[in-house]
Amino acid sequence: MSRRNGTAVISEQKPLVLPEKDAKLAALTTDDRHFSMIRALHMADLITELNGFCGAMSIFSSLRYCLGSPDDLTQLWFAMTFMPFGLFFDFMDGKVARWRKKSSLMGQELDSLADLISFGMAPASCAFALGFRTFLDTIILTFFVLCGLSRLARFNVTVQSLPKDAMGKSKYFEGTPIPTTLSIVMVMAYWAHKGWYLDNLPLGTVGTGLLEFHPAVLIFAASGCAMVSKSIHIPKL
């Protein structure tokens with residue numbers, strides 16, 4: 001209670017109300033129960049984890065092919081098949097989050113990391129297994145993965161500033177979305193079906209020693225450049 005001009009004034013302190021995002025962050029950082037991180041995950045996050053699972057299994061399948069007989073393409077087909085399943089889960093996690101109207105603070109980060117595994121590392125690993133194995137080939141494949149990494153980081157930073165539609169969703173993607181790399185996987189599947197792998201890759205090789213590479217690997221370089229491009233705008237469906 002305070003007095004001003006001889007009149008008693010009772011001041012009431014209103015409870016501090018945190019914004020929803022800050023409240024979620026406070027709850028996440030102060031929860032010290034066992035498996036608190038698992039408790040904080042929503043259904044959409046678990047679906048995102050399945051995207052990452054598919055990407056990891058694709059990578060392991062590519063490695064198994066490299067360890068086995070070059071003529072047995074079973075594991076290579078498994079590697080290529082896991083990636084479209086990852087795309088399915090990548091599509092469904094957003095649908096489920098909007099349907100349930102629930103999302104976690106980790107959702108966007110989980111989504112980006114899972115996408116990097118399924119649509120960055122997995123296609124690059126599959127390409128290596130298919131025959132892009134020279135030193136320069138791996139440099140170009142690494143460039144491709146790093147472009148995907150940079151594109152996802154930029155999206156996380158700029159998503160709030162992009163123009164929105166009536167539903168509050170971004171109107172377009174800056175640069176090609178990383179799942180578009182599955183188009184390259186389709187090309188590699190066609191090559192494998194035709195028997196164009198290992199020493200029979202299309203266009204052969206050029207150069208010698210450390211400078212030897214397969215010209216066909218440049219499709220990954222082009223995809224990487226398209227992902228980080230700022231002038232390419234892909235409308236969201």
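## Basis of the model

The model is predicted, with local features requiring pLDDT of at least 70 and side-chain atom pairs counted only at pLDDT 80 or more, while totals for chains, interfaces and linings use all residues. Residues are numbered from 1 along each chain as its sequence is written, and side-chain values use heavy atoms, with hydrogens and water left out.

## Helices α5 and α6

Helix α5 (residues 107–130) and helix α6 (residues 135–158) have axes that come within 10 Å and cross at roughly 165 degrees, which makes α5 roughly antiparallel to α6 (an angle over 145 degrees). Helices here are DSSP runs of H or I with at least four residues, and strands are runs of E with at least two; the axes are lines fitted to C-alpha atoms over the stretch in contact, with angles running from 0 to 180 degrees between N-to-C directions.

The residues of α5 that meet α6 (contact meaning heavy atoms within 4.5 Å) include Leu116, Phe119, Pro123 and Phe128, and their partners in α6 include Leu141, Phe144, Val145 and Leu152. By class, this contact of α5 with α6 has 12 nonpolar, six polar and two charged residues.

## Helices α6 and α8

The axes of α6 and α8 come within 8 Å and cross at roughly 15 degrees, so that α6 is roughly parallel to α8 (an angle under 35 degrees). Among the residues in this contact are Phe143, Cys147 and Arg151 from α6 and Phe220, Gly224 and Met227 from α8, and the residues of the contact divide into 11 nonpolar, four polar and two charged.

The buried residues of helix α8 (residues 218–228) are Phe220, Ala221, Ser223, Gly224, Ala226 and Met227, where buried means under 20% relative accessible area with a 1.4 Å probe and protein chains only. These buried residues pack against α5, α6, β3 (172–174) and α7.

Ser58 lies in helix α3 (residues 43–67) and counts as buried, at 0% relative accessibility. A polar atom of the Ser58 side chain lies 2.7 Å from the backbone oxygen of Ala79, and Ser58 touches Ala79, Phe82, Met83 and Ala122, not counting residues up to four places away in sequence.

The side chain of Ser183 reaches the backbone oxygen of Thr180 at 2.7 Å, while the C-alpha atoms of Ser183 and Ser223, 40 residues apart along the chain, are separated by 9.7 Å.

Note on methods: Parallel < 35°, antiparallel > 145°, perpendicular 65-115°, else oblique. Nonpolar A, V, L, I, M, F, W, Y, C, P; charged D, E, K, R; others polar. Polar contact = N/O pair within 3.5 Å; in protein donor to acceptor, adjacent residues only side chain to side chain. Buried < 20%, exposed > 50% of the residue type's maximum accessible area, 1.4 Å probe, protein only.
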